[in-house]
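I opened the model to look up a few things and wrote down each one as I went. The entries follow.

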Amino acid sequence: PVEGAVARLARLHPKLIDLSLDRMWRLLARLDHPERKLPPVIHVAGTNGKGSTAAMVSSILQAAGYRVGLYTSPHLVDFRERIQVNGDMISEERVAALTDRVRTAYGAPCEPTFFEFTTAMAFQCFAETGIDIAVIEVGLGGRFDATNVLSPLAAAITNVALDHQEYLGE
């Protein structure tokens with residue numbers, strides 16, 4: 001089931017980036033705002049090291065006894081790496097179910113990008129899973145990153161370089 005779900009998601013990928021959060025807000029509203037149902041969030045941004053930082057923060061919190069949701073991108077081998085709870089990747093069945101749920105929720109004029117769609121999946125998963133804290137990695141970054149709909153408890157910013165200027169400006 002995960003291969004079909006991921007193939008459908010991949011078709012969303014080559015899409016123009018909309019430098020606003022309007023599309024993301026519309027999608028989350030249609031899902032009854034899962035981002036508002038999340039426990040405290042640690043938001044991790046930067047150019048290099050944000051994935052490692054997110055993984056380390058997640059591991060530290062797990063070692064302290066917290067049940068941790070971790071959302072990262074991109075994945076290295078398996079799409080399911082993006083959404084984890086206490087170090088366990090989301091199941092194939094859950095990917096398929098969340099893909100169907102988010103796809104059913106959006107409609108014209110929403111049409112989210114791949115990252116917006118997977119971010120909504122992660123928020124929905126974490127809101128339903130019963131975690132104690134979420135560690136969320138940004139995508140391209142910038143003020144219109146899809147993850148910036150969150151109100152984090154804390155944020156970590158690794159070093160920032162001037163990549164993605166074609167999307168984010170100078």
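I started with a definition: the expected span of a helix is 1.5 Å times one less than its number of residues. Helices (H or I, at least four residues) and strands (E, at least two) are DSSP runs, numbered from the N terminus. The model is predicted, so local features need pLDDT of at least 70 and side-chain atom pairs pLDDT 80 or more, while totals for chains, interfaces and linings use all residues. Residues are numbered from 1 along each chain as its sequence is written, and side-chain values use heavy atoms, with hydrogens and water left out.

**Helix H4.** I checked the 14 residues of H4, residues 92-105, which should span 20 Å at 1.5 Å a residue. The end C-alpha atoms are 20 Å apart, which agrees. I then looked up burial, where buried means under 20% relative accessible area, exposed over 50% and partly exposed in between (1.4 Å probe, protein chains only). In H4 the buried residues are Val95, Ala96, Leu98, Thr99, Val102 and Ala105.

**Whole chain.** I noted 6 helices and 6 strands. Along the sequence they follow the pattern α-α-β-α-β-β-β-α-α-β-β-α. The chain has 170 residues, and 45% of them count as buried.

**Sheet.** Two strands pair if DSSP finds at least two bridges between them. I found an open sheet of 6 strands in the order S4-S3-S2-S5-S1-S6, with mixed pairing. Strands S4 (88-89) and S6 (154-157) are at the edges with a single partner strand each, so one side of each has no neighbour in the sheet. I also looked at S2 (residues 68-71) and S3 (residues 83-85), which pair in the antiparallel sense over 3 bridges. Leu70 stands opposite Gln84 in S3.

**Aromatic pairs.** Rings of Phe, Tyr and Trp (its six-membered ring) pair if their centres lie within 6.5 Å; planes under 30 degrees apart count as stacked, over 60 as edge-to-face and the rest as tilted. I noted 3 aromatic pairs in the structure. For Tyr106 and Phe117 the ring centres are 5.9 Å apart and the planes are at 80°, so this pair is edge-to-face. Tyr106 is in the loop between H4 and helix H5 (114-129), and Phe117 is in H5, 11 residues apart. Phe117 is buried, with a relative accessible area of 1%.
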